[in-house]
Each structure stands twice: as structure tokens, then as C-alpha cells.
Amino acid sequence: MDREERDLISENITQLVEDVIPVDMLPYLPCLTKSDKEKIKCEETNHGSMRAAQELIDRLFRRRNSFRQFIEALCETGCRHLAEQLCPLQFHEGNEQENVIRDERDDRTQGMIVADFSTQIALDDVNQA
């Protein structure tokens, strides 16, 4: 993660730590190693979600290209408001079923990631099942 991206996260650290459920984000963060994920799960079990969120962010700071995955993970886990707060100019409304995140730094995907949120299941629904 580059300095500008770290600064954006640092400026919003309080809200990130309060709102994010780190263990729910792990499947969407392939940039993290198995060891990273185990440490984050351990922090959540032993010290709570806020401490685990701090550990998650610390681990992401050490990984290249992790910012984009973090933004996607926020969207996938019900924290789109935080993703928009971190990258307000990169979100553009599509139709009801698609949201487009623009990232001019990544030529491989021609600057776009299209994520379909129509199949996202609310975490509360899963927990109650």
C-alpha cells in the first residue's frame, strides 16, 4: 500500500475500527497470508473486533496492492459507506444491481472493477439462520 492510501485510511481510522467486522472481510482479502488471517482471527477472539480491525489495517499496510482489495472487501461486507468515504470520486452509480469502482492506476482491468451486489446476503440474515 502506498503512502497516500495509508494516509486515507489513517484519517478515517476511528470509523473504520468501529464499523468493520474484520473476520467477515478476510475471504475478500487474498493479499493477506494465512498467518495474517490467523492473527486477525486470534485478535478478535481474544481482544474483540476493534483490536482485530487495527491488526487487519496494520497487516494491509504491509501488503502491496492491498488498498483496492480493502475497498472491495468493505463493499462486500456491508461497509460501502466507508469505501465511499475513502474513495468518493471512484464510485459511480450504475444501475440498481451494479456499482462501478474506477481506479486509473490499474491498466490490467482497464480501470474498472464491476461488482454485482444483487446477490449479497445481509450478515444479520446469515447469523440468524
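These are my notebook entries on a predicted model of one protein chain.

**Entry 1. Overall layout**

I began with the secondary structure. I found eight helices and three strands in the protein chain. I then read the elements along the sequence, and the pattern is α-α-α-α-α-α-α-β-β-β-α. Next I looked up burial. Of the 129 residues in the protein chain, 39% are buried. I also checked how far apart in sequence the contacts reach. Taking contacts between residues at least 6 apart, 56% join residues at least 24 apart.

**Entry 2. The core**

Which residues have the most contacts inside the largest nonpolar core? I listed L16, L56, F70, L74 and L86. The core itself has 27 residues. Helix α6 gives the largest share, with six residues.

L74 is then in contact with L16, V20, M25, C79, R80, L82, A83 and L86.

**Entry 3. Helix α6 and its ends**

I went through α6 residue by residue. Buried here are S66, F67, R68, Q69, F70, I71, A73, L74 and C75. That is nine of the eleven residues of α6, so the helix is largely enclosed by the rest of the structure.

I then looked at the backbone on either side of α6. N65 lies in the loop between α5 and α6. Its phi is positive, about 60°, although N65 is not a glycine. I noted the background for this: most residues other than glycine have a negative phi. Is N65 buried or exposed? Its relative accessibility is 56%, so N65 counts as exposed. Just after α6, G78 also takes a positive phi, of about 85°.

**Entry 4. The α4 and α5 pair**

Next I took helix α4, residues 34-47, and its packing against α5. The two pack at an angle of about 160°, and their axes are 7 Å apart. Angles over 145 degrees count as roughly antiparallel, so α4 and α5 are roughly antiparallel to each other. I recorded the crossing of α4 and α5 as right-handed.

I listed the residues on each side. From α4 come D36, K39, I40, E43, E44 and H47. They meet S49, R51, A52, E55, L56 and R59 in α5. By class, this contact of α4 with α5 has three nonpolar, two polar and seven charged residues.

**Entry 5. E43**

I picked E43 out of the α4 side. It is found in helix α4. Is E43 buried or exposed? At 7% relative accessibility, E43 counts as buried. Leaving aside neighbours within four places in sequence, I found E43 in contact with G48, R51, A52 and E55. E43 and E55 are twelve residues apart along the chain, and their C-alpha atoms are separated by 7.5 Å.

**Entry 6. Two residues of α7**

I finished with helix α7. H81 is found there. How exposed is H81? Its relative accessible area is 38%, so H81 is partly exposed. I again left aside neighbours within four places in sequence. H81 is then in contact with Q15 and D19. H81 and D19 are 62 residues apart along the chain, yet the separation of their C-alpha atoms is 9.9 Å.

E84 has its place in helix α7 too. With a relative accessible area of 30%, E84 is partly exposed. I looked up its spacing to L74, ten residues away along the chain. The C-alpha atoms of E84 and L74 are separated by 9.5 Å.

How values were computed. Residues are numbered from 1 along each chain as its sequence is written. This is a predicted model: local features need pLDDT of at least 70, side-chain atom pairs count only at pLDDT 80 or more; totals for chains, interfaces and linings use all residues. Side-chain values use heavy atoms; hydrogens and water are left out. A nonpolar core is a set of buried Ala, Val, Leu, Ile, Met, Phe, Trp, Tyr and Cys residues joined through side-chain atoms within 4.5 Å. Buried means under 20% relative accessible area, exposed over 50%, partly exposed in between (1.4 Å probe, protein chains only). Helices (H or I, at least four residues) and strands (E, at least two) are DSSP runs, numbered from the N terminus. Contact means heavy atoms within 4.5 Å. Axes are lines fitted to C-alpha atoms, for helices over the stretch in contact, and angles run from 0 to 180 degrees between N-to-C directions. Angles under 35 degrees count as roughly parallel, over 145 as roughly antiparallel, 65 to 115 as roughly perpendicular and the rest as oblique. A crossing is left-handed if the near helix is turned anticlockwise from the far one by less than a right angle, and right-handed if clockwise. Ala, Val, Leu, Ile, Met, Phe, Trp, Tyr, Cys and Pro count as nonpolar, Asp, Glu, Lys and Arg as charged, and the others, Gly among them, as polar.
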